[in-house]
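Visitor: I have a chain to look over. Can you put it up and take me through it?

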Amino acid sequence: MDALRKQASKLREQVAKQQQAVIKQFSATGYESSDVMVIDEMEMQLHHQLDKLYKSTREKRDFQREIVKAAETFTAIGYKHIETGTKLSEDCCKYGVENPNDEVLAKAASIYGDARKHAEKEVEDLNKLFFSQVLEPLRAMVAGSPLEDARHLAQRYSKMRQEAEIQAAEVSRRQARVREAPIPENVAKLHAAETKMQELRANMTILGKEAAAALAAVESQQERLTFQRLVAMVEAEKLYHERVAVILGNIEAEIVSEKQRKEAAPPVATLAVNPPAHIPEKTKYFLAEAIHSFEAESEKELSLSVGDYVVVRKVTQSGWSEGECQGRAGWFPSEYVEKRQRVPTSNGATEVY
């Protein structure tokens, strides 16, 4: 019987040593998840809670790092965009200045070059928002002390739990020795081992709760800050695209308007250079009233105000008319006036146009 007891005691010691070897193998760094010799149900729940929080905060930290990398890439692309856009703006403005005879294209290039500067300013503002509202806050949290302090507490708890597991194995071994030989020496060693075990359990419970509270607070802060920074990114990009859309819309409208104005311009220059060889003796005139205001953009055009009466002397198929109003003569859009009554023609007769 004594031989069997000694053999069983040796077997238990071997098992305890193997457990210690496994613990050492998996406890090199960080918070290690181990279910070996769980002390009690409460401790097991705390252990699982810490394990979950440790992994969760690590995942959220890694996600924050990915957002930081993306924002850094967006910013780098933005500065390259500014460099390229600024060069294009300068080239467009230069072409507009150096090619005044190419009126339509030169004017369009100048318009685009000026507006391009404003578009690049919006890119610069977007980069500043990314830096101040996304990069700086997330970088600060990823490398911040609250997260590192909370994770350090969890790691301390992990090491203390491993010590408790080793001490639990020691208590089991001492209990077996007392059963084999209940001498005072073995009993005293058992009491000492149990006392140390109780101290470890008490300290472990306090440290575990402290670590869990710290990690939970950090996790909550991670969720809140990351969500806010994502919303800030969306709002910044939305504002950027809205402003650039307005700039591009104005560019398009101005360029198209300038092109249409040039295409529909009155044939003043042609008449001045190549006057018609024969003007009919009876040129038909008629009286018209201005129904829209028109602001002359050159000395060859005639400014009109609503209600002005104009003697219309020529109407062209291009949509422009030539006439006289209040002692001034020039061209104006035909659709800006309406015919009113008979007026004398150039030979003194009266006709209706």
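Guide: This is a predicted model. From the N terminus on, the elements run α-α-α-α-α-α-β-β-β-β-β-β-β.

Visitor: How many helices and strands is that?

Guide: The protein chain has six helices and seven strands.

Visitor: What share of the residues is buried?

Guide: Of 353 residues, 34% count as buried. The chain exposes about 21700 Å², with 54% of that supplied by carbon and sulfur atoms.

Visitor: Switching to aromatics. How many pairs are there?

Guide: A search of the whole structure finds three aromatic pairs. In one of them, Phe 294 and Tyr 336 have ring centres 5.8 Å apart and planes at 90 degrees, so the pair is edge-to-face.

Visitor: Where do Phe 294 and Tyr 336 lie?

Guide: Phe 294 is in the loop between β1 (286-290) and β2 (309-315), and Tyr 336 is in the loop between β4 (328-333) and β5 (337-341), so the pair ties together parts 42 residues apart in sequence.

Visitor: Is Phe 294 buried or exposed? What about Tyr 336?

Guide: Phe 294 counts as buried, because its relative accessibility of 12% is under the 20% cut-off. Tyr 336, at 23%, is partly exposed.

Visitor: Which residues make up the aromatic cluster there?

Guide: Phe 294, Trp 320 and Tyr 336 form one cluster.

Visitor: Last one. What lies over the face of Tyr 54?

Guide: Arg 151 does, at 4.2 Å from the ring centre.

Notes: Residues are numbered from 1 along each chain as its sequence is written. This is a predicted model: local features need pLDDT of at least 70, side-chain atom pairs count only at pLDDT 80 or more; totals for chains, interfaces and linings use all residues. Side-chain values use heavy atoms; hydrogens and water are left out. Helices (H or I, at least four residues) and strands (E, at least two) are DSSP runs, numbered from the N terminus. Buried means under 20% relative accessible area, exposed over 50%, partly exposed in between (1.4 Å probe, protein chains only). Accessible areas come from the Shrake-Rupley method with a 1.4 Å probe; for residues, only the protein chains shown count as cover. Rings of Phe, Tyr and Trp (its six-membered ring) pair if their centres lie within 6.5 Å; planes under 30 degrees apart count as stacked, over 60 as edge-to-face and the rest as tilted. A charge sits over a ring if NZ of Lys or CZ of Arg is within 6 Å of the ring centre and within 35 degrees of the ring normal.
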